[in-house]
Amino acid sequence: MKKKDKEKFDPEANVEGADDTVRVEDMFQNWFLDYASYVILERAVPAIEDGLKPVQRRILHALNEMDDGRFNKVANVIGQSMQYHPHGDASIGDALVNMGQKELLFDTQGNWGDVRTGDSAAAPRYIEVRLSKFAKEVAFNDATTEWQLSYDGRKREPITLPMKFPLLLSQGADGIAVGLSTKILPHNFIELCEASINYLEGKRFRLFPDFPSGGFVDVSEYNKGERGGKVKVRAKIEVVDKKTLAIREIPFGTTTGSLIESILKAQDKGKIKIKKIVDNTAKDVEVLIDLAPGSDPDVTIDALYAFTDCQNSISINACVIVEDKPMFLTVHDILERSTEKTKKLLQRELEIRQSDLNEKWHFSSLEKIFIEKRIYRNIEECETWEAVIDTIDKGLKPYKKLFNREITREDMVRLTEIKIKRISKFDAFKADEEIKSIEAELKQVAHDLKHLNDYTIAYFQNLLKKYSKGRERKTEIKGFEEIEVKQVAATNAKLYVNRAEGFLGTGLKKDEFVCECSDLDDIIAFTRGGKMMVTRIGDKKFVGKDILHIAVWQKADERTAYNMAYYDGKSKRTFVKRFHVTGVTREKEYDLTQGSPGTKVIYFTANPNSESELVKVQLHPNCTARIKEFEFDYATIDIKGRQSNGNILTKFPVRKMDLLEKGKSSIGGMKIWFDEKFGRLVNEEKDKCQYLGEFNTGDQVLVAYKDGNVELTNFELTNKYETDDIVAVEKFNPERIYSCVYYDGDSKNYYVKRFRIELKSERFKSAITTEHKDSKLLVFSARPEVWVKFNVQKGKSKDKIEEEVKLNDLMDVKGWKALGNRLSQFSVTGKISEVEKETTLPDEVEIGTTIELDIKPKILKKGSQGDLF
């Protein structure tokens, strides 16, 4: 490329022989950068000074100019704003409605739409708006505003508004520019003011998003709103009854319409099973979901979070304009900068007020001297203007040292403008009082300037006092547990198998039915030839002929053990092995034998809790073995990897192997913890988890609730419990004696009862208190000796006496439906709580355990009966 081609094109140049060609790449580079800079600075990204985009700032300025205390038609406001904003009425109208729906800067009238349902606002000619008192207080002050000419030069507009509040964090911001975007989430008004106060006081503070739609938010990855951070938002879903769910609050960024649409899509794909969904949203959000028969409400709630917009993730990208450049900050940085900006603006306002008061004091003092000393009489005989000024100057000369600044010609001119009526009615006492008032205010302003930090704190406290009502946090902060998608996916498919031909899938409806599953499940299959494959479920898939076993496979499953015996075609021996399948590559065929021709599987079982097995082995009758039938226990061999060859069972040909009995689990029961934070059962220890014990097949979990119900459930990890309502949770033991204290809503008394839970089924829930709505369970314990403490009032005395009682002494063990005995004959007040004390009795005693008892022998009469042991 020639040198002159690289030079920047100058359309004003008129040099003879110059190249007048305009290169497209130069035009693209220059114009694109200009366009990108304009979009970033003038349209999409808010400024750090006032937290506003240009269109929002121009709307506020137009409203301030129109403000007379009455409502204005939005159409008129749009027209007024178009004097400053060159991008048409549509963008102004959308921005105005968006700001009005946030209910902070505007007072509105008419139908402004609903962010919860997605309903749009009425036409601009039908709705009205005016500035709120809050906006007038924090956003406007002509004296501290920097101005510029509007786009056509006819008007002046503010460069930024003198915003004395972290508006950007309160309202949030969302914009897409050229090459970058911004996403700042809204925060709570009260928490922002309190955070500014804490910052000014040098204390630490924390800020988390708060959304007008409510719901739940997980801020564990918010990271102070730094770029790359994110939050998870969830709908608030309640269980109305076993057949109905109700969505009361929706996640930020969704509407009831979009939420329902996502639920219906998940239903169409078979992810969840529902019968009907109804939107009853009016003043409050209410979306009712009728569940399909057999659906578990807790599992359905998890499925809604996993497969629909009931849970979303929002990424943070806090980009703002700082000194005409885009910059990425944290919300803490934004709040600190905003608070410092507020402090400087308040300082500037105080300085302006101080200057105004000094001028007022100066002229009030001048006026007082001018009238009291009758200087005005000396100018009656003056014939020229200059003589008048000189006369006044001479009259004031003895008093000039009393003033804070020089008396100027303009001051003397103002004195000549005082009307005779004012001079004749001049009241020296009132003048002195006014000057004293000015001096007192000047003293206060000077104090505020000296203690500017305290003044700023008081300013934010005043904002809290005046405007915080009704602005409490709406979004509840809580951690979200990870939902295993496969565990909550609805069983929307049926698995079939053709064992002989080696096909499996959901489309083989004429073949053998295996089980119900979801379309997210992986299927594991074992063949007679000793091959294994894991595949994603499909319509029809080939996995190998002569299928022995097929089931849904769980990744990293260390509990299911496979017991296998196979004949090796090369060595002519039979091998036995036990193994887990924890991780595989899908669609890959694995050989579980030694790979010799003629190899075949003789015996194969899948054991979900790694149970061993006792089998009877029958050898071929024509073999040379002396013992042709014997027993083999799989407990005698270890569980190893699936690639191991196994142990030699016999060198003789085996005719068949039959199961005699199932053995015990080789790995023990499953250790279960109760996660108190999320109300779930987990199989690994975490923070705030209560260990429940080892669970084997048939074991159950006992949960006691505050409403007096006790519930028995299985130990599936998908179970969910309301932690706020739980009094106790433990592994159920049908022989254990339980003690409880409850309040009876009928008699208004406190009762004690001790009992065994007599019913035991797969899952049930029943009350151990009376059925009155005010009855509640206060203490529930399985300790051998249970002590409780409480306060009582005896007789007419108002004194409260603390008592401790042992429940074992108040009540014998009776049926669990018995009413029980009263806790005390006196009036019980205050909280009833269990007292932990050392007991002489162990919680549980195994058979064969030696117990040492300190028993003092007594001399008894002949024929008398001893004490019961």
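Is Arg23 buried, exposed or partly exposed? Arg23 is partly exposed, with a relative accessible area of 29% (buried means under 20% relative accessible area, exposed over 50%, and partly exposed in between, with a 1.4 Å probe and protein chains only). The model is predicted, so local features need pLDDT of at least 70 and side-chain atom pairs count only at pLDDT 80 or more, while totals for chains, interfaces and linings use all residues. Residues are numbered from 1 along each chain as its sequence is written, and side-chain values use heavy atoms, with hydrogens and water left out.

Arg23 is located in the loop between helix H1 (3-6) and helix H2 (24-44); helices (H or I, at least four residues) and strands (E, at least two) are DSSP runs, numbered from the N terminus. From Arg23 to Val752 there are 729 residues in sequence and 94 Å in space, C-alpha to C-alpha.

Helix H11 (residues 331-372) has 42 residues and reaches 60 Å from its first C-alpha to its last, close to the 62 Å expected at 1.5 Å a residue; the expected span is 1.5 Å times one less than the number of residues. Just after H11, Arg374 takes a positive phi of about 55°.

Aromatic rings come next. Rings of Phe, Tyr and Trp (its six-membered ring) pair if their centres lie within 6.5 Å, with planes under 30 degrees apart counted as stacked, over 60 as edge-to-face and the rest as tilted. By this rule there are 27 aromatic pairs. Phe211 and Phe252 are stacked, because their ring centres are 4.4 Å apart and their planes lie at 15°. Phe211 lies in the loop between helix H8 (189-200) and strand E8 (216-218), and Phe252 in the loop between strand E11 (244-249) and helix H9 (256-268), so the pair ties together parts that are 41 residues apart in sequence. Phe211 is buried at 1% relative accessible area, whereas Phe252 is partly exposed at 22%. One aromatic cluster is formed by Phe134, Phe165, Phe189 and Tyr467.
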